[in-house]
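This briefing covers the nonpolar cores and the salt bridges of the structure shown below.

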Amino acid sequence: MKNISTKYLQIILVFAILIASGCTDNLIEEPQSIIAPETYYQSNEEFDAAINGVLAAFVGGWSGFGFNAPHQLCSGAEDYTSRESEASLIQYDKLETDPTARAVNDVWGALYRGINTANIIIARAPLAEEVAEEDKLKYEALGRYLRGLQYFYLTRWFGEVIIVTYDNVSDAKDLEQSSVSDIYNTMIIPDLEFAEQHLPLDFPGKALPNKAAAKGLLAEVYLNMAGWPLEDVSKYALARDKAKEVMDMDMYSLEPNFKDLWYAANKFTNSEFIFFYNADADAGANASFMHIAQRPGEEGGWNDLFSEARWFYAFPDGPRKDGSFWTTFDDGNDTYWTESMMQQPFIAKYRDAGPAASLDVGPINSWSGSGMVCVTRYAEILLTYAEAANMAEGGPSAAAYEAINEVRRRAGGYDQSVYPDLPAGLSQADFDEAVIAERGWELSFELKRWFDLVRRKMVVEVNKDLHPNVTADKRWLPKPATEVKLIEGLKQNDGYY
């Protein structure tokens with residue numbers, strides 16, 4: 001799929017924010033596009049370019065998943081933190097996020113721009129005269145997967161939001177926000193079910209979502225619906241069944257060496273990634289920057305995000321820990337992280353983003369990287385199955401045990417003396433606690449822990465010792481202040497002003 005300039009893709013709707021300037025007052029009330037959808041979306045090449053544009057909104061530039069903003073929005077969990085001296089960064093970790101915060105506006109704008117382009121793909125694909133019928137369904141399915149994913153992020157971060165479609169975009173500023181239930185039931189689930197039905201089993205490489213990606217995301221969606229705020233426990237059985245469908249496809253397996261997952265050279269060939277955001281340092285807007293933003297100053301990095309020390313100390317020892325944290329600096333002096341240093345342990349998963357930031361090359365000599373952010377991988381499917389099966393069946397089955405123990409065995413380097421299997425005979429509650437903890441360790445720094453804390457109503461519990469004033473209101477972040485002021489039907493979340 002070719003990379004093209006976003007000038008062919010951008011349709012700016014009322015929610016769009018000019019990311020480069022960081023301003024929140026540059027809203028265009030009437031949607032505009034440089035090329036009219038009715039004349040442009042006709043060929044395979046044009047739909048490929050449009051899909052690429054949605055993905056660029058996810059990963060590229062300074063507002064996508066290849067830089068700080070989405071990770072900052074998940075900093076209320078124990079895995080992420082930032083510099084205490086930098087109020088604009090540490091506010092997220094302290095659960096004191098301001099409605100004017102840069103990351104809030106950046107992520108909101110990037111997601112709605114992606115939704116708008118996905119809406120056009122979904123609307124125009126069935127009408128494209130130069131595209132074969134099979135490809136029309138494929139493009140619509142890609143658009144629906146990506147739109148469903150973006151609404152899934154929006155409602156988990158911000159709660160009730162505006163549902164914008166191709167048909168109502170011109171009236172977007174006059175719409176009312178929708179309930180979380182409606183966002184799931186009228187947008188996210190129908191979109192992913194369509195994607196599941198019509199996406200191919202696989203694409204060359206893994207930079208596009210396939211049928212397994214749709215099933216895996218549906219499993220994650222059902223798991224979230226079983227938790228707060230909907231708390232529809234009937235969805236545990238659906239999450240279990242969708243995860244099992246991915247397991248039964250026999251397309252994926254755990255990469256034997258955990259650390260190998262995080263080398264950019266392996267992102268298209270490892271056995272575990274089902275779908276990931278692919279950054280390309282040579283593609284301009286598609287480049288990533290986490291390899292430098294999350295590296296220590298001793299290596300020329302920006303010290304923007306790292307791990308909380310408490311997470312590092314609680315993390316079980318073994319190869320998984322060694323592959324998740326970076327505690328030795330490449331400064332020529334063999335300097336190690338210690339608790340007495342001002343910095344916290346650094347994150348290892350995003351260090352390697354190609355030659356510019358290779359683990360083997362040394363000092364960084366480039367800002368642009370070719371890293372990746374995994375959306376769905378096989379280890380998460382196993383843990384989703386373990387959690388959902390235990391909750392749906394009133395206790396852990398042998399299959400649930402095997403699913404979590406498969407992850408644990410890899411985490412310990414297949415050495416039971418390092419990290420043993422869970423003991424037999426656990427109660428439903430004890431097994432559930434073990435699975436939630438295992439998800440935290442395994443999926444650290446992958447934008448998962450925060451959403452787990454929210455859906456399991458653990459935000460206050462894990463933060464109250466460090467931040468005594470934290471309240472349950474902080475399960476959702478504030479909506480951008482400018483958007484709330486401009487759009488009468490968009491209401492600010494409780495606890496924010």
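A salt bridge is a side-chain nitrogen of Lys or Arg within 4 Å of a carboxyl oxygen of Asp or Glu. By that criterion, a search of the whole structure finds 42 salt bridges. The model is predicted: local features need pLDDT of at least 70, side-chain atom pairs count only at pLDDT 80 or more, and totals for chains, interfaces and linings use all residues. Residues are numbered from 1 along each chain as its sequence is written, and side-chain values use heavy atoms, with hydrogens and water left out.

**Nonpolar cores**

- A nonpolar core is a set of buried Ala, Val, Leu, Ile, Met, Phe, Trp, Tyr and Cys residues joined through side-chain atoms within 4.5 Å; buried means under 20% relative accessible area, exposed over 50%, and partly exposed in between (1.4 Å probe, protein chains only).
- The largest nonpolar core holds 131 residues, of which Phe 58, Tyr 145, Trp 157, Tyr 277 and Trp 450 touch the most other members.
- Helix H6 (residues 133-158) gives the most to this core, contributing 12 residues; helices (H or I, at least four residues) and strands (E, at least two) are DSSP runs, numbered from the N terminus.
- Another core, of 7 residues, lies apart from it and includes Leu 261, Trp 262, Phe 276 and Met 372.
- Leaving aside residues up to four places away in sequence, Tyr 145 touches (heavy atoms within 4.5 Å) Asp 191, Leu 192, Ala 195, Leu 199, Pro 209, Ala 213, Ala 214, Leu 217, Phe 275 and Val 375.

- Arg 144 and Asp 191 meet through their side chains in a salt bridge of 2.8 Å, N to O.
- This pair links helix H6, which holds Arg 144, to helix H7 (residues 180-198), which holds Asp 191, across 47 residues.
- Arg 144 counts as buried at 18% relative accessibility, as does Asp 191 at 1%.
- Lys 448 forms a salt bridge with Glu 220, their closest N and O atoms being 3.2 Å apart.
- Because Lys 448 lies in the loop between helix H15 (428-442) and helix H16 (449-455) and Glu 220 in helix H8 (residues 211-226), the pair ties together parts that are 228 residues apart in sequence.
- Lys 448 is buried at 6% relative accessibility, and Glu 220 is buried at 5%.

- Asp 248 forms a salt bridge with Lys 244, with the closest N and O atoms 2.8 Å apart.
- Asp 248 and Lys 244 are 4 residues apart in helix H9 (residues 235-248), so about one helical turn separates them.
- Asp 248 is partly exposed at 48% relative accessible area, and Lys 244 is partly exposed at 31%.
- Salt bridges that share partners join Arg 156, Glu 220, Glu 380, Glu 387, Asp 432, Arg 439, Lys 448, Asp 452, Arg 455 and Arg 456 into one network.
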